[in-house]
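Open the model in your viewer and keep the sequence panel beside it. This tour goes from one selection to the next.

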Amino acid sequence: MLRLHDTASREVQPLTLRDEGKVSMYVCGPTVYDLPHLGHGRFTLVFDVLRRYLIFSGFEVTYVSNITDIDDNIIRRAEREGRSEAEVAKEFEGHWWDAMDALGVLRPDHTPHATEFVGSMITTISQLLERGVAYATSDGVYLETTKVEGYGLLAGQPLDSLRAGARVEENDEKRSPLDFALWKAAKPGEPLWDAPFGGGRPGWHTECVVMSLELLGEGFDLHGGGLDLKFPHHENERAQAVALGKDFAHHWTHNGWVMVEGEKMSKSLGNFTSLTDLLASADPRSYRLLVLRSHYRAPIEVTTETIADAERGLARLDSLARRLHLTSPVAPLRRSDLNGDAAVIESFCALMDDDLQTPQALALIFDLVSSANTALDEGDQERATMLGETAVGLCAALGLSVKAAHLEIDADTLALAEARDKARDEKDFAAADALRDQLTALGWVVEDTPDGTGLRREE
RNA sequence: GGCGGCGUGGCCGAGUGGUUAGGCAGAGGCCUGCAAAGCCUUGUACCCCGGUUCGAAUCCGGGCGCCGCCUCCA
């Protein structure tokens, strides 16, 4: 069974399952008020890899990831741009899915929107009030964290230090600085939902508890997100579940940060902060490779150099796929459907089962690439294909597709290639080289193959 | 202030008490008409100072440097 780092215990632990063979996971999604950034890209890739690997391992996975479509940032933007919150949310949710599709991140099985669950949230908040663990103030409803058993578990810090660092707010009705809003009373002009405790909107931490419990049920297996969510967001989700007397997530996993050349993130330095920009200017697969190349809990450095480096690594994979005419499966691959080098697949799984050691798993794949190329050079087509299929299959297990597909080549280009073959046959190398130059100028990379001039697009 | 992480060869980035990570880039060679792709070979690496040990980059102590969280930012 897969062993994964658990934030609550701060140890790598077996992922125990509520239902045998089935994994239920909830990953906190975006608040859609702006374009997705690199951090969004990383966490979605990390958990996409986890999900795909679980599927590869034969589990039936239910993956839930929410869209927060109402919050202060959305309200501010809507106000600034003179349009509705729903319009803002819709626009940026569109950008979100565009980016996810480009990254090859599988769509969640369920994508709850906060605004669809306000009724359930109101019910939940009422229950917390009834239980005496929440209280109303003039500006909303708060959870009384001091009444929650084990508050601070995920933060991993003594409550005193959390308290010491808590922001001093103008609201002195809060009984503890750590208490957080379950419900925010609407100010004039703000969108609101009616509730017994006054019109307003839900606080951020409430939606994920309500939606995860409603869609996955009590005691679901895994809750994930970026490192920054562990406190206060996940801490506060957990606090509500505990206060409700409900069994919440059994395993907490958080991924590390994205660094962009220290703190400088200006576009003038050539750094990417918007995922949308990155995806437009580089092969989207390069970001997945970059993410896989370091451990999911380690910080990663994203620069134009590291992206370019990953793109060249990709070229090596593509090149093998091209030599062997292999293509990646479209649907998530299962181990039982992969025929290949059994020993290597076994090693791969052992690495992945040990807290997702993707860097070593990649090393294994690149070793396969070398072996397959060697076999090809030695004329052992059968062995080369077996090794190549293993490599492509393991890439698929990580969600990394290879690009061997033959491109549509227009008639003019084809004519140039044929003319070059003819010139080469006639040993007219000056003419052949001139034709190659022409093709290069058109953006093609010319590679000689046993079948004559081979063409591929320059990346 | 409290808590936590990190410092590996030109770059990125794993790992480990003694044995080749891997990728990219570089050098040499093979293949090729020449290239491209591929293959082979190659690289004095582990922040500093002590200590433990037969042996430490890996363990312990100290130092230096960098970073994050403690603020509804993934």
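**Stop 1: an aromatic cluster.** Select Tyr53, Phe56 and Phe348. These residues form one aromatic cluster. Keep in mind throughout that this is a predicted model.

**Stop 2: α1 against α13.** Now show helix α1 (residues 38-56) together with helix α13 (residues 381-397). Their axes come within 8 Å and cross at roughly 125°. The two helices are therefore oblique to each other. Which residues of α1 meet α13? Select Val49, Arg52, Tyr53 and Phe56 on the α1 side. Across from them, in α13, are Leu394, Ala396 and Ala397. By class, this contact has six nonpolar residues, no polar ones and one charged.

**Stop 3: α9 against α12.** Select α9 (residues 284-293) and α12 (residues 358-377). The axes come within 7 Å here and cross at roughly 115°. That makes α9 roughly perpendicular to α12; the class covers angles of 65 to 115 degrees. On α9, show Leu289, Leu292 and Arg293. They meet Thr358, Pro359 and Leu362 of α12. The contact divides into four nonpolar residues, one polar and one charged.

**Stop 4: the four-stranded sheet.** Switch to a cartoon view and colour β5, β6, β7 and β8. They make an open sheet in the order β5-β6-β7-β8, with antiparallel pairing. Which strands sit at the edges? They are β5 (134-137) and β8 (200-202), each pairing on one side only. From one strand to the next, the twist averages 25°.

Zoom in on the β6 and β7 pair. Strand β6 covers residues 140-143 and strand β7 residues 180-185. They run antiparallel, and four bridges join them. Select tyrosine 142: opposite it, in β7, stands alanine 181.

**Stop 5: aromatic pairs.** How many aromatic pairs does a search of the whole structure find? There are eight. Start with phenylalanine 220 and phenylalanine 248, which form an edge-to-face pair. Their rings are 5.3 Å apart, centre to centre, with 80° between the planes. Phenylalanine 220 lies in the loop between α6 (204-216) and β9 (222-226), and phenylalanine 248 in the loop between α7 (230-244) and β10 (251-255), so this pair ties together parts that are 28 residues apart in sequence.

The cut-off for buried is under 20%.

**Last stop: the whole chain.** Zoom out to chain A. It holds 15 helices and 14 strands. Along its principal axes, the C-alpha trace spans about 90 × 50 × 35 Å. Of the 459 residues in chain A, 51% are buried. Take the contacts in chain A with a separation of 6 or more: residues 24 or more positions apart account for 74% of them.

Note on methods:
Residues are numbered from 1 along each chain as its sequence is written. Chains are lettered from A and ligands numbered from 1 in the order in which they are written. This is a predicted model: local features need pLDDT of at least 70, side-chain atom pairs count only at pLDDT 80 or more; totals for chains, interfaces and linings use all residues. Side-chain values use heavy atoms; hydrogens and water are left out. Two strands pair if DSSP finds at least two bridges between them. Axes are lines fitted to C-alpha atoms, for helices over the stretch in contact, and angles run from 0 to 180 degrees between N-to-C directions. Angles under 35 degrees count as roughly parallel, over 145 as roughly antiparallel, 65 to 115 as roughly perpendicular and the rest as oblique. Contact means heavy atoms within 4.5 Å. Ala, Val, Leu, Ile, Met, Phe, Trp, Tyr, Cys and Pro count as nonpolar, Asp, Glu, Lys and Arg as charged, and the others, Gly among them, as polar. Rings of Phe, Tyr and Trp (its six-membered ring) pair if their centres lie within 6.5 Å; planes under 30 degrees apart count as stacked, over 60 as edge-to-face and the rest as tilted. Buried means under 20% relative accessible area, exposed over 50%, partly exposed in between (1.4 Å probe, protein chains only).
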